[in-house]
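The following explanation leads the reader through one protein structure. Please look at the sequence and the model before reading on.

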Amino acid sequence: MDHFLYRDGALYAEDVPVAEIAAEVGTPFYLYSTATLTRHFQLFDDALSGLPHLVCYAMKAASNQAILRTLADLGAGMDVVSGGEYARARAAGVPGERIVFSGVGKTRVEMREALAGGIRQFNIESEPELEALNEVALSMGVVAPVTVRVNPDVDARTHAKIATGKSENKFGIPISRAREVYARIAALPGLEAIGIDVHIGSQLTDLEPYRQAFEKVGDLTDALRADGHDIRRLDLGGGLGIPYTRGNEPPPLPMDYGKLIAETLGDKGCEIEIEPGRLVAGNAGIMVSRVIYVKSGEGRDFLILDGAMNDLIRPAMYEAHHDIVPVVEAEAGIEYRPYDIVGPVCESGDTFARQRMMPPLEAGDLVAFRSAGAYGAVMSSEYNTRPLIPEVLVNGHQFAVIRPRPSFDEIINRDTLPPWL
Ligand code: LLP
């Protein structure tokens with residue numbers, strides 16, 4: 001459920017007409033709903049209410065300071081994957097003890113920054129990383145809390161580009177080698193193993209792969225404890241999918257996911273951590289764009305929008321589907337027609353949808369891409385020197401620009417000429 005609904009024929013974001021924001025901010029832009037972000041975070045928090053837990057928002061999904069601050073104020077922790085994300089989380093007021101550091105390629109500089117600034121734990125993904133972190137921690141005279149991300153070799157049944165829990169993926173350490181790796185950690189004075197981490201993929205629409213992974217983590221918890229390790233925290237990653245297409249069967253709810261966690265791991269006496277990104281932010285954001293031209297091609301009509309693949313890459317990159325709806329609600333009974341919906345970038349891949357049934361649209365009309373809050377703005381680029389589009393946050397009757405559109409001068413002045421030019 002989200003807060004982008006039609007009222008009297010106009011699309012609203014909470015209590016603000018989307019067209020009003022478009023008139024003030026210009027198109028295209030991202031628009032987020034505070035009420036939806038809050039609701040989605042709380043669904044997870046409630047789903048785990050029976051267990052000691054921390055919901056660490058995977059901020060790679062949407063990392064604007066205003067979004068982070070909104071979630072941090074609700075008690076969220078953060079899952080970060082770079083020094084930049086760590087700095088963003090701290091800037092948004094998240095204390096180090098609520099930040100977990102994930103990712104396969106943490107550098108020594110990033111490790112040092114996080115250890116100096118405060119960190120809840122590092123989720124270690126390889127043996128060389130383990131040795132590096134030990135060295136960094138020792139050089140600073142501290143002990144780094146770690147979990148090992150185990151790769152449970154389960155099929156997450158999602159898009160190949162976002163599945164991470166099979167043995168052929170680059171992520172984690174094979175679960176079969178985990179006991180050896182924890183023994184190595186116990187021998188390293190700069191590290192303390194406090195738990196286990198697992199993340200099997202993104203946009204999961206079925207709980208079964210989670211069940212398989214969590215059962216393996218449960219068995220590993222017992223085995224590691226028998227080996228003498230004090231396993232007290234289980235980080236179960238993120239990945240729960242969202243409904244991208246209205247009318248399709250929705251993915252499992254956070255409540256059911258929470259029940260599965262309690263069922264499979266609730267008796268271990270561990271603190272549970274999860275790292276949801278998409279489900280928190282995805283349906284809390286839309287991208288609003290304007291039709292520049294309606295072009296009649298041979299046998300097909302194109303809607304050429306002012307938004308493009310550089311603003312929302314998911315359709316080009318993953319063949320992802322986003323519902324695209326008119327900001328002025330279609331009249332009841334009006335006949336829909338097929339359009340190819342494209343952006344102005346000079347590539348055929350700049351296509352959001354082919355033969356999508358839409359009400360008749362004209363130049364100047366506004367459309368909204370639904371479910372664009374996660375992996376939307378954060379994956380955008382300035383390809384074709386198209387400025388990064390603004391982000392706007394709605395809260396009830398209020399809205400605010402939370403990242404302005406840069407001017408061409410700002411973009412150009414980031415370049416510097418070498419002395420010989
Ligand atoms: N934890 C780890 C270690 C992750 O790698 C990810 C996502 C998450 C948590 C959050 O997963 P979520 O709850 O958002 O599914 N750009 C792609 C998605 C990439 C996901 C990468 N890792 C897309 O647009 O679909």
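The shell around the ligand receives at least two residues each from helix 10 (278-281) and helix 11 (314-318); helices here are DSSP runs of H or I with at least four residues, strands are runs of E with at least two, and both are numbered from the N terminus. The model is a predicted one, in which local features need pLDDT of at least 70 and side-chain atom pairs count only at pLDDT 80 or more, while totals for chains, interfaces and linings use all residues. Residues are numbered from 1 along each chain as its sequence is written.

In total, 20 residues surround the ligand, and the closest are S202, G238, G277, R278 and Y375. By class, the shell comprises eight nonpolar, eight polar and four charged residues. Ala, Val, Leu, Ile, Met, Phe, Trp, Tyr, Cys and Pro count as nonpolar, Asp, Glu, Lys and Arg as charged, and the others, Gly among them, as polar.

Which domains contribute to this shell? Domain 1 (4-31 + 282-412) and domain 2 (34-279) each provide at least three of its residues; the domain bounds come from an automatic or database domain assignment. Taken over C-alpha atoms, the centres of domain 1 and domain 2 are 32 Å apart.

The two domains also meet each other: 21 residues of domain 1 are in contact with 20 residues of domain 2, contact requiring C-beta atoms, placed from the backbone, within 7 Å. On the side of domain 1 that touches domain 2, strand 20 (391-395) and strand 21 (398-403) are the elements giving two or more residues. Strand 20 supplies the largest share, four residues.

Conventions. Near = placed C-beta within 6 Å.
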